[in-house]
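Visitor: Could you take me through the aromatic pairs here, please? I would like a close look at that one part.

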Amino acid sequence: MKILRASVIKSGEWFKDRDLAAWKKTRQGVLERDQYTCTYCRLVCPKFMQVNHIGAEDNHEPENLETVCNACHSVLHIGINAMQGWISVFDCKAEITNMAAIVCATRALVAKKKDWEEIDSFIYAQFGLPGGVVYDDRESVMFANQMLKSIPAGEFRGYLPAGKAVMFWEAEPWKDYPESVWRWQCLPGSHYRKD
């Protein structure tokens, strides 16, 4: 399992054109190669899995691609998700280095049909730094912008500094699918891989 770190991809990689027919075939091959398993949280789900570019967005070679669940993918692109009001940055305990723990804890509460106020309170109590700050949307976007500026030459991603983590907020339904389905993949048969 890879460590999930909140990140942004450099702006020169945004919105690259791709041959949709070729991408669909490549994407399907990656999903099958990875057995529909998220690289980070290890969720196995045949629906709503996504494929993430590790490096350059126009490099569609299999070694540059990984299967991710929607929630983990959101963490890999916190800027756009903070702008949509779906993710906020917060001060976390020093031992919190893998955002997949937050994804899994949030998914478990969504599956239990907890309301978002209860989910956010639990996540902050579990992972938050006592006396720390939960940053608002504007401040979270500012973190993303700082991360963009911090990307070293020749690298593709900037990362959230140590001592900071991400918290999810409620999102709207998408194409008539409730958030618990499209974002959290709380579906019959979904499970975590043990290996």
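**The aromatic pairs**

Guide: Both Trp 116 and Trp 184 are buried, meaning under 20% relative accessible area, with exposed over 50% and partly exposed in between (1.4 Å probe, protein chains only). Before we go on, this is a predicted model, in which local features need pLDDT of at least 70, side-chain atom pairs count only at pLDDT 80 or more, and totals for chains, interfaces and linings use all residues. Residues are numbered from 1 along each chain as its sequence is written, and side-chain values use heavy atoms, with hydrogens and water left out.

The structure holds nine aromatic pairs. In one of them, the ring centres of Trp 86 and Trp 182 are 5.6 Å apart with planes at 55°, so this pair is tilted. Rings of Phe, Tyr and Trp (its six-membered ring) pair if their centres lie within 6.5 Å; planes under 30 degrees apart count as stacked, over 60 as edge-to-face and the rest as tilted. Because Trp 86 sits in the loop between helix 3 (78-83) and strand 5 (87-91) and Trp 182 in helix 7, the pair ties together parts 96 residues apart in sequence. Helices (H or I, at least four residues) and strands (E, at least two) are DSSP runs, numbered from the N terminus. Trp 86 counts as partly exposed at 22% relative accessibility, while Trp 182 counts as buried at 7%.

Now back to Trp 116 and Trp 184: their ring centres are 6.4 Å apart and their planes at 40°, so that pair is tilted. It links distant parts of the chain, with Trp 116 in helix 5 (residues 116-127) and Trp 184 in the loop between helix 7 and strand 8 (191-192), 68 residues apart.
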